[in-house]
Amino acid sequence: MNTERIRSMPVGIVVRRLPGVTRWQKWTWRPVSLLPGAGPADWSVLRQEGEAVEYHAVTLPLELHRADTEAYLTTLSDKVPSIYVVMRPLEEIEQDVPLEVSLITASAFEGQDYADTGDVLVEKIPMPPGLIAWIRDFVAMHHEEEIFVKRKRDRARIDLEEDGIGDPRIRQLSDVYRAPGRKPKDSLQ
């Protein structure tokens, strides 16, 4: 039995900046690829073609947890297995970089949770084959299928007489099943 609970690898995120399509948005920013095993980066320019620029924005750790293997299997079973990149808009829009790449995850469930909030931008980036193999190896090592166990009903008898309706300490002079619309005058409550 392998006792490795968490596995981590640094992964670089490449973000492409293109000219905006409206006059209200000067630039569009989109993560486009991953660099497994990359070193540290701080928006280093990788390539420039005209106004299109690709940056090695940041290198973040991709962590795999033993308890999340079901989510990794869901990610790997997609038509195109992808990593989810979570980006937050910066408070002060800087001239060059308006986004902060804050998290990457291989968990489809976690990616969906972030996408549901609306406070962040979540993009899927296709995984390179080496990263797919790395995650598949971790899942093969730790995944255990949950066995479905059907719940059994209690054997309590429900056809027996009730020993009281409601709280026995409260005395009632009328039917406890009366309609709630009108409060009768003879009630002591």
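This report walks through the sheet, the helix packing, the nonpolar core and a few individual residues of a predicted model.

## The four-stranded sheet

Let's start with the open sheet, whose 4 strands follow the order β2-β1-β4-β3 and pair in the antiparallel sense. The edges are taken by β2 (25–36) and β3 (44–49); each has a single partner strand, so one side of each is left without a neighbour in the sheet. Between neighbouring strands the turn is 35° on average, direction ignored.

Two of the pairings are worth a look in the viewer. Strand β1, which spans residues 6–22, runs antiparallel to β2 and is joined to it by 10 bridges. Within that pairing, G12 stands opposite L35 of β2.

## Two positive phi values

The hairpin of β3 and β4 has 2 residues between the strands, and G50 adopts a positive phi near 65° there.

A positive phi also turns up at W43, a residue other than glycine, with a value near 50°. You will find W43 in the loop between β2 and β3. Its relative accessible area is 17%, and because buried means under 20%, W43 counts as buried.

## Helix α1 and its buried side

Helix α1 covers residues 69–76, and its buried residues are T69, A71, Y72, T75 and L76. These residues span an arc of only 155° around the axis, which puts them on the same side of α1. What do they pack against? The buried residues of α1 pack against the strands β4 (52–65) and β5 (82–89), and against the helices α2 (108–117) and α3 (129–142).

R136 has its place in helix α3 and is partly exposed, with a relative accessible area of 47%. In sequence R136 is 60 residues apart from L76, yet their C-alpha atoms are 7.7 Å apart in space.

## The largest nonpolar core

The largest nonpolar core holds 32 residues, and those touching the most other members are I13, L62, I83, V101, I104, L131 and I135. Two or more residues come from each of β1, β2, β4, α1, β5, β6 (99–105) and α3. Which element gives the most to this core? That is β4, with 7 residues.

Apart from neighbours within four places in sequence, V101 is in contact with I13, V15, A57, V58, L60, V85, V86 and M87. Of these partners, I13 is itself among the core residues that touch the most other members.

R7 belongs to strand β1. Is R7 buried or exposed? With a relative accessible area of 11%, R7 is buried.

One is the backbone oxygen of W134, which the side chain of R7 reaches at 3.4 Å. Another is the side chain of D137, joined to that of R7 by a polar contact of 3.3 Å. Leaving aside neighbours within four places in sequence, the residues in contact with R7 are L62, E63, L64, W134, D137, F138 and M141.

Terms used
Residues numbered from 1 in each chain as written. Predicted model: local features only at pLDDT ≥ 70, side-chain atom pairs only at ≥ 80, totals over all residues. Heavy atoms only, no water. Pairing = 2+ DSSP bridges. Axes fitted to C-alpha atoms, helices over the stretch in contact; angles between N-to-C directions. Buried < 20%, exposed > 50% of the residue type's maximum accessible area, 1.4 Å probe, protein only. Arc of directions from axis to C-beta. Contact = heavy atoms within 4.5 Å. Core = buried A, V, L, I, M, F, W, Y, C linked by side-chain atoms within 4.5 Å. Polar contact = N/O pair within 3.5 Å; in protein donor to acceptor, adjacent residues only side chain to side chain.
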